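Me: Hi! I'd like to talk through a structure with you. Could you take a look and answer a few quick questions?
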Amino acid sequence: MRKPFTASRIFDGLNVIILGTIAALMLFPLWIVLVKSVSVAHVVTEGGLMFWPEGFTLSAYETIFQRRNFLNVFANTIVITVLGTAISMILTTCLSYPLSKKRVAGSTVMLFLVFFTMLFNGGLVPNYLVVREVGLLDTLWALMLPQAIQAFNVIIMVSFFRTIPQELEESAKIDGANDLIILFRIVVMTSLPVIATLTLFYAVNQWNTYFQAVLYINSEQNQVLQVLLRQLILQLNNQEVIQDDVANLHQVAVTVKQAMVIVATLPILLIYPFLQKYFAKGVMIGSIKG
Amino acid sequence: MKEAARLHTASFAQRRSGIWRRAGRRLIMDRYMYLLALPGLIYYFIFHYLPMLGITIAFQDYNAFLGFSGSDWVGFKHFERLFSHPDFWLVFRNTMMISLLNIVFFFPTPIALALMLNELRISLYKRVLQTLLYLPHFLSWVVICILTITLMSSTGFVTHMIQWLGFDVQPLLDKSLFWGIITIQSIWKDAGWGTIIFLAALAGINPDLYEAATMDGANRWQQMRFITVPSIMSTIVILLILRLGQILNLSFDQLYIMGNAIVRDVAEVFDTYVYKVGVVQGNFSFATAVGIFKSVIGLLLVLGTNYLSRKTSEHSLF
């Protein structure tokens with residue numbers, strides 16, 4: 001160092017502080033909601049700046065779990081997340097592998113057909129009519145099959161497969177393994193970062209399913225969590241209007257809303273940090289080429 | 001090994017000439033590959049390409065009882081109705097305004113964040129920040145809308161802060177601030193996530209460039225301007241092209257959930273409109289026409305900007 005870089009130091013200091021503040025802003029709303037969800041209802045209704053729970057209670061969570069239909073809706077959401085993600089991953093992997101091999105005749109055309117769906121689509125109504133014609137309307141399948149494969153994920157996976165050294169597959173081929181065995185025994189095993197990443201993407205998408213449920217599901221017994229959550233806000237907003245009359249009756253409702261957010265978010269918060277280290281690797285390789 | 005295979009096929013081809021036979025052999029050799037691709041291809045046919053054929057109902061008076069083949073053909077009737085419909089211009093304005101705000105304020109944010117993260121020297125701190133910045137991407141719009149209401153309602157945190165700072169409080173969840181709040185929500189949710197792709201591009205820059213620049217006496221600002229930013233320029237351009245193609249596509253979830261009777265005039269966008277008119281009210285043909293308008297504009301924008309970008313710079317998507 002020839003001279004002290006003061007300007008450079010100031011920049012570094014500011015950078016650390018500003019980024020830290022921005023990151024804190026990402027967590028802050030969730031913290032407020034968590035605080036309110038375990039606080040005593042009447043304190044929350046009065047409002048005010050709350051940074052820490054006032055009077056600890058889990059009654060809001062009890063109310064949710066006792067709510068009619070909640071457990072059913074929760075189970076549906078788990079089904080579409082687990083089964084839907086499995087279907088998506090199997091279809092995506094099986095499609096991506098042949099498309100990643102340029103030697104397979106037609107693979108370029110097929111890859112383009114996949115990519116083209118990112119640029120142009122039939123639109124909502126034709127999609128809806130197809131789902132209706134296939135007979136999936138108002139079943140949980142409608143929340144798993146119509147968006148089972150996402151083109152962007154195929155492109156990420158194809159790019160990743162292309163980075164795998166050919167020698168591995170070729171030596172397996174000499175040993176008499178066919179393409180199916182090579183894919184599931186060798187390629188999948190060497191692609192764990194991208195598989196972990198895409199599994200997370202699909203799983204989060206399924207867990208957060210809202211639009212498809214609004215579109216395809218009519219009956220209450222097939223409903224999913226996000227829709228229930230939205231119904232809850234609507235009810236509560238209507239209640240807020242008439243709050244003056246029946247304030248006491250609905251005080252609990254305010255904390256219930258907050259608790260519901262935590263219930264709907266917690267599974268993601270629990271899984272996400274463990275998979276985060278993979279998707280830096282997995283997405284980066286795919287995204288640069290894609 | 002590859003060489004051996006090629007020689008093998010070559011000799012084969014000599015013995016039994018004919019392209020068809022060779023192609024047939026390759027198909028048989030790769031039969032498991034096609035078997036693997038088959039379920040995915042069926043999926044794309046049913047759920048993507050069949051709906052593309054389905055856009056023809058925009059030129060019909062589609063009737064569920066008569067079906068696709070039985071309904072009357074009406075030409076461009078629905079498109080004419082669309083452009084003369086007062087709702088259309090309202091929806092068009094809202095969609096464009098929200099999209100433009102998004103491009104102006106949202107689009108540059110991940111680039112700035114990525115450049116800032118890239119300058120961080122402490123890698124543990126950087127990792128923790130990244131984890132936090134990516135987090136909101138994984139939350140659903142329903143959750144984010146509840147967070148917004150919690151913070152911005154009349155008893156919410158933001159309202160209290162404004163009061164505490166001594167300003168008059170207007171209702172924040174009103175028509176006048178709606179577009180702004182939508183933009184802030186989008187930034188909060190996805191700006192951090194958007195840094196991933198830029199950080200990847202930044203990680204790919206050859207460190208020798210910086211070393212050489214330091215030798216030449218370039219300071220950090222100059223290094224950023226002449227090395228870092230040009231290196232990620234093609235990523236920026238490609239993402240901008242793709243973003244422009246999405247200009248009429250907004251998040252249905254976000255606007256449908258944030259929308260209500262009070263803000264309807266500023267909240268109705270193409271995606272929510274198509275749903276309400278098409279699926280809820282059952283005007284399948286009319287809503288499909290709206291959808292086609294949206295898709296065609298999107299496709300033209302991608303092709304157009306891609307063409308312009310290829311002509312004016314070396315960056316393009318394809």
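Me: Let's start with Val237(B): is this residue buried or exposed?
Reply: Val237(B) is buried, because its relative accessible area is 18% and the cut-off for buried is under 20%. Do keep in mind that this is a predicted model.

Me: Where is Val237(B) placed, and which residues does Val237(B) touch, leaving out those up to four places away in sequence?
Reply: Val237(B) belongs to helix H14 of chain B, residues 233-245. With residues up to four places away in sequence left out, Val237(B) touches Ser309(B) and His315(B). Val237(B) and Ser309(B) are 72 residues apart in sequence, yet their C-alpha atoms are 7.9 Å apart in space.

Me: What about Ile196(B), buried or exposed?
Reply: Ile196(B) counts as buried, at 4% relative accessibility. Helix H11 of chain B, residues 178-203, holds Ile196(B). From Ile196(B) to Ile111(B) there are 85 residues in sequence and 9.7 Å in space, C-alpha to C-alpha.

Me: Switching to chain A: how many helices and strands are there?
Reply: Chain A has 13 helices and zero strands. Of its 290 residues, 53% are buried. Among the chain A contacts with a separation of 6 or more, 75% are between residues 24 or more positions apart.

Me: Now the interface. How much area is buried between chain B and chain A?
Reply: About 8,400 Å², and carbon and sulfur atoms give 76% of that. In chain B, the residues losing the most area to chain A are Met33(B), Leu36(B) and Phe138(B), together 9% of what that side buries. The contact takes 97 residues from chain A and 84 residues from chain B.

Me: Which residue does Asp30(B) form a salt bridge with?
Reply: Arg103(A), with the closest N and O atoms 2.4 Å apart. Asp30(B) lies in the loop between helix H2 and H3 of chain B, and Arg103(A) in the loop between helix H4 and helix H5 of chain A, so the pair joins two chains. Asp30(B) is buried at 2% relative accessibility, whereas Arg103(A) is partly exposed at 35%.

Me: How about Glu268(B), buried or exposed?
Reply: Glu268(B) is buried, with a relative accessible area of 4%. Glu268(B) forms a salt bridge with Arg264(B), at 3.3 Å between the closest N and O atoms, and another with Lys276(B), at 3.2 Å. Arg264(B) is partly exposed, with a relative accessible area of 30%, and Lys276(B) is partly exposed at 30%.

Me: Which residues are joined into one network by salt bridges that share partners?
Reply: Asp12(A), Glu119(B), Arg121(B) and Arg220(B). The side chains of Asp12(A) and Arg121(B) meet in a salt bridge at 3.6 Å, N to O. Over all chains, the search finds eleven salt bridges.

Notes:
Residues are numbered from 1 along each chain as its sequence is written. Chains are lettered from A and ligands numbered from 1 in the order in which they are written. This is a predicted model: local features need pLDDT of at least 70, side-chain atom pairs count only at pLDDT 80 or more; totals for chains, interfaces and linings use all residues. Side-chain values use heavy atoms; hydrogens and water are left out. Helices (H or I, at least four residues) and strands (E, at least two) are DSSP runs, numbered from the N terminus. Buried means under 20% relative accessible area, exposed over 50%, partly exposed in between (1.4 Å probe, protein chains only). Contact means heavy atoms within 4.5 Å. Buried area is the accessible area (1.4 Å probe) that two parts lose on being put together, summed over both. A salt bridge is a side-chain nitrogen of Lys or Arg within 4 Å of a carboxyl oxygen of Asp or Glu.
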